[in-house]
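Welcome to a short tour of a protein model. Take a look at the picture first, and then we will walk through some of its parts together.

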Amino acid sequence: MKRVYPNKDVCIGCHICELACITAHSQSKDLILAYTVERGQNGVSSCKHVYENGPTCVALSCRHCDEPACVAACISGALQKDPETGRTVYNREKCVGCWSCLMACPYGAIARHPLEQKIVKCDLCFDRPGGPACVAACPNKALKQEER
Amino acid sequence: MTYVIIGNGVASIGAIEGIRRHDPKGQIVIIGAEDTAAYGRPLISYLLAGKIGPERLALRGADYYAKNGVELKLGTSAAKVDTVQKTVTTDKGETIKYDRLLIATGGVPFVPPIPGVKGADIYSFTTLAHAQTLIELSSKIKRAVVIGGGLIGLKAAESLHDRGVSVTIVELAPRILSGGFDEKAGKLAANRLKKVGIEVNCGVTAKEIQRDQDGHVKGVLLTDGRFLETDVVVVAIGVVPHSALAKEAGIKVERGIIVDGKLMTSAKDVYAAGDVAQAIDMLSGEHRVVPIWPNAYNQGYASGRNMAGAKQPYMGGLPMNSISFYGLPTISVGTVNPPEGDKNFEIFAQLDEAKEIYRKLVFRDEKLVGYVLVGDIDKGGMYTAFIKFAMPLAGEAKDKLINAGPEVFLWPAELFDETWNPEPAQAAR
């Protein structure tokens, strides 16, 4: 499957991927509205996080592991592996907010939703024409989606 | 190839997914004693609390078994396993031939021999049926005593309280959650429960359950002489491996069913997984029964792929629990209570009682081997990484972990690259 691979050697730490992620997961699909209104109102937040260490930066999110620890830990069946697409899919309706996935994922790729007993996790922008918004927005091609 | 799986919990779901990863065609037959498809067992406390309805219990979609070519025999128990003829006989008299067998029968509630414990008004809390019974009961009773201050007991107490029942917890150990938590974490959780009106008694246990002339429970006499009047008693001391079937088949059983690195039992082509299995533990290297959810799925998955011939060993279990008490989230992973006075371990703990925030890190040989988080749990998984990947943490890296928390730049460069930006040849995982 095609995954998103971050390259820390060319990441410039601009956080544009985070903004693109928020926009893609907003209702308005508008950056300014998503950031100024929806972030507070419905807690839309980025699945991607930029980490910095001095001059080095990297933008990380769910790796869609082949054998995900989050799926093993999920008590509600909200997290499952889709055998056809390879994605690690999250069903928000089933989630009870027990945070077992957050504990089990060694990649820190699962966050608590700021307002609800739900999680925030990368869905690879599966329903977005053109693929993941973070990859499309990255100005220095530090994020690539490809088969490896 | 016919795979027969005895038990229909999360280990069986793991097994189906492990088998299907490597064998899309073989026949899978599941024998399940309960009469529902696999459900999220820990969700029974959410159901009892009224937080979710029964429609949210199923672990997988309605078409899951059909899609995966699984034949379900529900409401059916395995009565006998013949490891020579390679057959399982059910309680309905059917004999099923297997090529590979998985015993994933889970655990059964442990009920200690307290005088008066046998009879009416005594309940367990480990199955959907138990939850349904307690839901019906909750409108008719006023008081409940829960024996056991572990995860099951506390969740039973919380859920019954949410149903309007006045609940008292009795725990033999000096603190609740003595297994996965330490004194400070246990106290923060206990305070939350006390604040909502659940009574928590530690350092005492039930000496006798007293009954009236009709045989109904009157109350519980405690070891410290107090008498707690109650309508029902929920016994939630823990679960013990449901291993009788394996024992009778001549399979090697200690505390649980002994399994090797591929989760095969002492009988050829018979595997075991989940709460019934005594499998290898990642940190100690010993074989232990650690009845927790993620281990059950992972063991199921690893046994599944090995039954299907993949020859990939089980990586070992890691104790972990994530659980919230009235909105106070807690996580406990790995070795969190090292033997007292053992100089091989180093502990760093910070408590902010007013904010209900606690963090404890346990190191051994310059590696993180355990942690507890209460309140602020957001970096949980990032700590788990250091344990799971046994990352060396000497000098500055350890100081940073202690002072600033876990972050990905503390990882060894090679692991970082393999994980996040691998060469195409290494990317298969």
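Helices (H or I, at least four residues) and strands (E, at least two) are DSSP runs, numbered from the N terminus.

Before going further, please note that this is a predicted model, in which local features need pLDDT of at least 70, side-chain atom pairs count only at pLDDT 80 or more, and totals for chains, interfaces and linings use all residues. Residues are numbered from 1 along each chain as its sequence is written, while chains are lettered from A and ligands numbered from 1 in the order in which they are written.

**Covered helices of chain B**

Helix 8 of chain B is mostly covered, as 15 of its 15 residues are buried. A residue counts as buried if 20 or more other C-beta atoms lie within 10 Å of its own, as exposed if 12 or fewer do, and as partly exposed in between, with C-beta atoms placed from the backbone.

Helix 5 (residues 151–162) of chain B can be checked for length too: its 12 residues should span 16 Å at 1.5 Å a residue, and its end C-alpha atoms are 16 Å apart, which agrees. Helix 5 of chain B is largely enclosed by the rest of the structure, because 11 of its 12 residues are buried. Among them are B:Leu151, B:Ile152, B:Lys155 and B:His161.

Then comes helix 9 (residues 380–388) of chain B, where nine of the nine residues are buried, so this helix is also largely enclosed by the rest of the structure. The buried residues, including B:Met382, B:Tyr383 and B:Phe386, pack against helix 4 of chain A together with strand 23 (328–334) and strand 26 (367–374) of chain B.

What follows each of these helices?

| Just after | Residue | Phi |
|---|---|---|
| Helix 5 of chain B | B:Gly164 | about 90° |
| Helix 8 of chain B | B:Gly309 | about 90° |
| Helix 9 of chain B | B:Ala390 | about 45° |

**Where the chains meet**

How many residues of chain A are in contact with chain B? There are 32 residues of chain A in contact with 39 residues of chain B; two residues are in contact if their C-beta atoms, placed from the backbone, lie within 7 Å. Several elements of chain A each supply at least two residues to this side, including strand 1 (2–6), helix 3 (69–73) and helix 4 (100–104). Helix 4 of chain A gives the most, with four residues. By class, the side of chain A that touches chain B has 20 nonpolar, seven polar and five charged residues. Here Ala, Val, Leu, Ile, Met, Phe, Trp, Tyr, Cys and Pro count as nonpolar, Asp, Glu, Lys and Arg as charged, and the others, Gly among them, as polar.

**Two helices of chain A**

Helix 1 (residues 16–24) and helix 2 (residues 31–41) of chain A pack at an angle of about 75°, with their axes 9 Å apart. These two helices of chain A are therefore roughly perpendicular to each other. In their contact, A:Leu19, A:Ile22 and A:Thr23 of helix 1 meet A:Leu31, A:Ala34, A:Tyr35 and A:Arg39 of helix 2. Axes are lines fitted to C-alpha atoms, for helices over the stretch in contact, and angles run from 0 to 180 degrees between N-to-C directions. Angles under 35 degrees count as roughly parallel, over 145 as roughly antiparallel, 65 to 115 as roughly perpendicular and the rest as oblique.

**Domains**

Chain A is divided into domain 1 (1–61 + 123–141) and domain 2 (64–121), with bounds that come from an automatic or database domain assignment. Their centres, taken over C-alpha atoms, are separated by 19 Å. The contact takes 10 residues from domain 1 of chain A and 12 residues from domain 2 of chain A.

Chain B is divided into domain 1 (2–108 + 240–307), domain 2 (122–237) and domain 3 (327–421). The C-alpha centres of domain 2 and domain 3 of chain B lie 32 Å apart, and eight residues of domain 2 are in contact with 12 residues of domain 3.

**Two loop residues**

Is A:Trp99 buried or exposed? A:Trp99 is buried, with 24 other C-beta atoms within 10 Å. This residue sits in the loop between strand 5 (88–90) and helix 4 of chain A, and its phi is near 70°, a positive value in a residue other than glycine. B:Asp365 also has a positive phi, of about 50°, although it is not a glycine. B:Asp365 is exposed, with 11 other C-beta atoms within 10 Å, in the loop between strand 25 (357–364) and strand 26 of chain B.

Methods:
The expected span of a helix is 1.5 Å times one less than its number of residues.
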